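Student: Please take a close look at a single part for me. I would like to follow one chain, and then the place where the two chains touch.

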Amino acid sequence: MHDVIENGNLGLGAAAADRGALWRVWRNAFPFVVVGAIWEAIAHLGLFPAQLFPPLETIAAVFVRLTASGVLPHHAFDTLIRLTAGFALAAVFGIAAGVLMGRSRRAEDILLPLVSIGAPIPGLAYAPLFLLWFGPGNVPAVALVAFVSAFPIIYNSWTGVKAVKEIWLRSAQAMSADDRRLFRHVIVPGALPYIVTGLRLGLAQAWRILVAVEMLAAVPWGLGWLIFGAQEFLNTDVMLAGIAVIALIGLGLEKFVFQPLENFTIVRWGMMT
Amino acid sequence: MTPMRALPWRSESLRRGALTLIVAAALYEAPARSGYLPPALTPTLGDIAHTLFASLADGTMLLHAAATLYRVVVGFGCAVAVGLPLGVMMGRFRAVENFVLPLTSALMPIPSLAWVPVFILWFGLGNTVSVLIVFYAALFPMLLNTWTGVRAVNPIWLRAAGAMGANEHALFWKVIIPGASPFIIAGLRQSFLRSWIAVIGAEMLAGSDWGLGWVIFDAKEFLDTDMMLASLIVIGCIGFVTERLVFGSIERATIYRWGMARSARG
């Protein structure tokens, strides 16, 4: 995986540390003010039908209304459940397969051809196939998310276990570590930075694909379905409110999942893979 | 997927790998032929191969692939044309960085495919939607990698070149661009991967008669599973070829030749 920056730390505000906090807030808000003003101008000039290009206050009103009535939280909750379920499956099976491939030559020979055939096909291309095999609903959505996010996890765990230095293994063995202790105290800590990177990449891929899967799989609740369903009724304001929630969840994942994971590995091991 | 290249292909591994594939194929073929599963859902490998060759021979598959590639190339090209200069400017000018970065960090976490329904309403079904989705998907990796690359250029090189009397123009073309190139190439690669995923999804949701994503989605309506699997194979092959051959050779011709092993993480 060649992700240099995968929803990574953008270093916001680091350069402005010498000026006031107020200035920093303004500096980050300013682009949004400009874009918002342009949006408002276009919406109010009436160049496009208001149905298709609603002004921001309409979107905000819809957002508040749907949040208050509990519709939006319900959609968001179901999306998050699917994300968690799919990702958890991928993490368990991906790490197990990757570690096995790293440790055993036989497992590597058996699994690697399968993994390298599956990996270059964009996961979304399997969606109709999964829908045919599992029927519409939650099962194909979760299965596809798990399937897609498993690949980076497998690759990275495999690479991580292989990257454990031979000399660490031998010195641990020389100090009479048995297999279990070798695994727990040498291989796992050695491979963990890679595994964490794999989990981060896998979660990012799962997130990117989930919304589209929800659109295709006709699930009863979910942000993707909310947006796609709103299209039928030309409810552009609902769609944009849904996208705002998606952006918020994405930012939340980045702030509270990806960055802590990354900091955790950097601080703990002083390395980044 | 770099580790693949380093894999030593011993004959033992090759034999076991081939054996795995044969066993996997047999495991698929046995239930497919047994009649317990509906043949419409699990066509035999022979059927899939037959469909694949038939559609390749009469040219429909090639036309679908061409439509998809056209959308990817246009969207990806536009993303590079915008992302590369903008990323360089972000790296060079603080004002541009201050303006673009907050917007980027707000838009980037939104999966590109979430915009499909909105774009369909705005632009109607057809090519425009797919191209724009590809553009959206490819823009941010390009932008951020270029920006990081320009900022990662060793300041000593800049000062050394300046001390040797390089003007802005020479500094830009001889120092900054080559110095940032490992990141830029990683960005191109990542952008292409994202475009490839995005185009399939966009074609499924905003289908317009041609395109590999549309074929798969359309085949589902008619339980045409062998056609779906045949298109999956074509999609996989195109993705594999561009990833390995195109970007692999770009990498070999540039950063490996210049002796700049990729310093990027990941």
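Tutor: Chain A has 10 helices and 0 strands. This is a predicted model. Along the sequence, the pattern of chain A reads α-α-α-α-α-α-α-α-α-α. Of its 273 residues, 44% count as buried. Now look at the contacts in chain A with a separation of 6 or more. Residues 24 or more positions apart make up 72% of them.

Next, the domains. Chain A splits into domain 1 (11–47) and domain 2 (52–269). Taken over C-alpha atoms, the centres of domain 1 of chain A and domain 2 of chain A are 31 Å apart. Their contact draws 6 residues from domain 1 of chain A and 4 residues from domain 2 of chain A. On the domain 1 side, the classes are 3 nonpolar, 2 polar and 1 charged.

Now the place where the chains touch. Here 57 residues of chain B are in contact with 58 residues of chain A. Stay on the chain B side. Which elements of chain B give two or more residues to it? They are α1 (11–34), α4 (94–107), α5 (116–123), α6 (127–152), α8 (168–205), α9 (212–221) and α10 (225–256) of chain B. The most comes from α8(B), which gives 11 residues. By class, the side of chain B that touches chain A holds 37 nonpolar, 15 polar and 5 charged residues.

To recap, trace the helices of chain A, 10 in number. Then find domain 1 and domain 2 of chain A. Finish at α8(B), which gives the most to the side of chain B that touches chain A.

How values were computed. Residues numbered from 1 in each chain as written. Chains lettered and ligands numbered in written order. Predicted model: local features only at pLDDT ≥ 70, side-chain atom pairs only at ≥ 80, totals over all residues. Contact = placed C-beta atoms within 7 Å. Helix = DSSP H or I, 4+ residues; strand = E, 2+ residues; numbered from the N terminus. Nonpolar A, V, L, I, M, F, W, Y, C, P; charged D, E, K, R; others polar. Domains from an automatic or database assignment. Buried ≥ 20, exposed ≤ 12 C-beta atoms within 10 Å, placed from the backbone.
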